[in-house]
Amino acid sequence: MTKSVEIKDLSITFGVGPSAVKVLPGVTFSVAPGECFGLVGESGSGKSTVLRCVSMLTDFWQGEVRIDGQSVRDLPQQQRCRQLQMVFQDPYGSLHPRQSVRTVLSEPLRIHGIGDREARMRAAMVDVGLPVDFLDRFPHQLSGGQRQRVAIARALILEPSVLLLDEPTSALDVSVQAEILNLLARLREERGFTYIMVTHDLAVVDHMCDRFAVMLHGEITEILPREAIPGNGASHPYARELIGASLEYEGLM
Ligand SMILES: Nc1ncnc2c1ncn2[C@@H]1O[C@H](COP(=O)(O)OP(=O)(O)OP(=O)(O)O)[C@@H](O)[C@H]1O
């Protein structure tokens with residue numbers, strides 16, 4: 001079966017000359033259709049950079065990234081947006097303060113020439129658990145959790161198959177985090193989305209992901225199934241340390 005996302009020898013260097021820094025020396029992993037794959041690791045280990053490369057927000061990388069068998073480089077931008085969407089960490093920064101929710105959701109439909117916009121926008125609001133009359137609200141009239149729901153609705157509106165989730169709950173209150181994670185889990189179950197999710201939180205991985213990669217200095221140390229978390233089944237010393245610290249913090253050890 002074709003893997004939904006295949007990443008092979010993905011590498012990127014920031015800067016030129018003596019100040020050049022190779023941030024990803026060569027990352028390889030595949031994500032099956034409908035799978036939720038986590039990326040964890042210390043700050044600066046390159047997790048968000050992987051998502052930015054896959055989405056082509058950063059495009060000067062080397063290697064191969066395939067979505068449903070097609071190289072993301074060969075996909076015209078419009079088609080790429082139909083297959084792949086990203087949800088960012090900060091729902092405050094990712095929504096334009098002067099755009100109503102209606103504008104946020106109608107723009108992609110307009111750009112892609114998709115009709116039946118009002119019905120699609122209403123359905124998207126229902127999908128993410130927001131009242132339909134919030135379409136006329138502006139970001140400052142929404143809570144953080146509601147803004148993140150709008151950001152998720154925007155990602156869903158073009159009906160992509162893959163969602164890249166860059167710490168989608170870490171800017172939110174703990175009580176709201178669980179709501180958004182449950183929403184994402186439900187949407188995946190209902191729609192069969194493929195997720196790649198960056199998180200700092202192994203409890204989130206445990207709740208959401210089928211497998212996860214532990215990154216260190218731009219490299220994947222180990223790819224593990226979620227089931228490896230409770231008994232700390234990692235082999236690589238850093239992955240063991242990371243999981244051990246998390247279990248200790250959660251009071252599970
Ligand atoms: N545009 C850029 N120019 C230069 N360096 C960059 C750029 N983007 C990222 N980096 C560097 O790449 C490294 C990886 O950054 P990245 O944001 O991917 O890490 P991360 O694992 O997602 O970190 P965090 O968990 O803190 O968000 C960092 O050292 C960062 O400083």
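Modeller: Six strands form an open sheet in the order 6-7-8-3-9-10, and their pairing is mixed. Two strands count as paired if DSSP finds at least two bridges between them; strands (E, at least two residues) and helices (H or I, at least four) are DSSP runs, numbered from the N terminus. The edges are held by strand 6 (84–87) and strand 10 (219–225), each of which has a single partner strand, so one side of each is left without a neighbour in the sheet. On average, neighbouring strands of this sheet are turned by 20° against each other, direction ignored; axes are lines fitted to C-alpha atoms, for helices over the stretch in contact, and angles run from 0 to 180 degrees between N-to-C directions.

The model is predicted: local features need pLDDT of at least 70, side-chain atom pairs count only at pLDDT 80 or more, and totals for chains, interfaces and linings use all residues. Residues are numbered from 1 along each chain as its sequence is written.

Strand 3 (residues 36–41) and strand 8 (residues 194–198) run parallel and are joined by four bridges. In this pair, Leu 39 stands opposite Val 198 of strand 8. Helix 6 packs on the sheet, where it touches strand 6 and strand 7 (162–166), and its direction makes about 170° with that of strand 6. Contact requires C-beta atoms, placed from the backbone, within 7 Å.

Helix 6 (residues 144–156) includes Arg 149. Arg 149 is buried, because 25 other C-beta atoms lie within 10 Å (buried: 20 or more; exposed: 12 or fewer; partly exposed in between). Not counting residues up to four places away in sequence, Arg 149 touches Val 128, Gly 129, Leu 130 and Leu 183.

Terms used: Contact = placed C-beta atoms within 7 Å.
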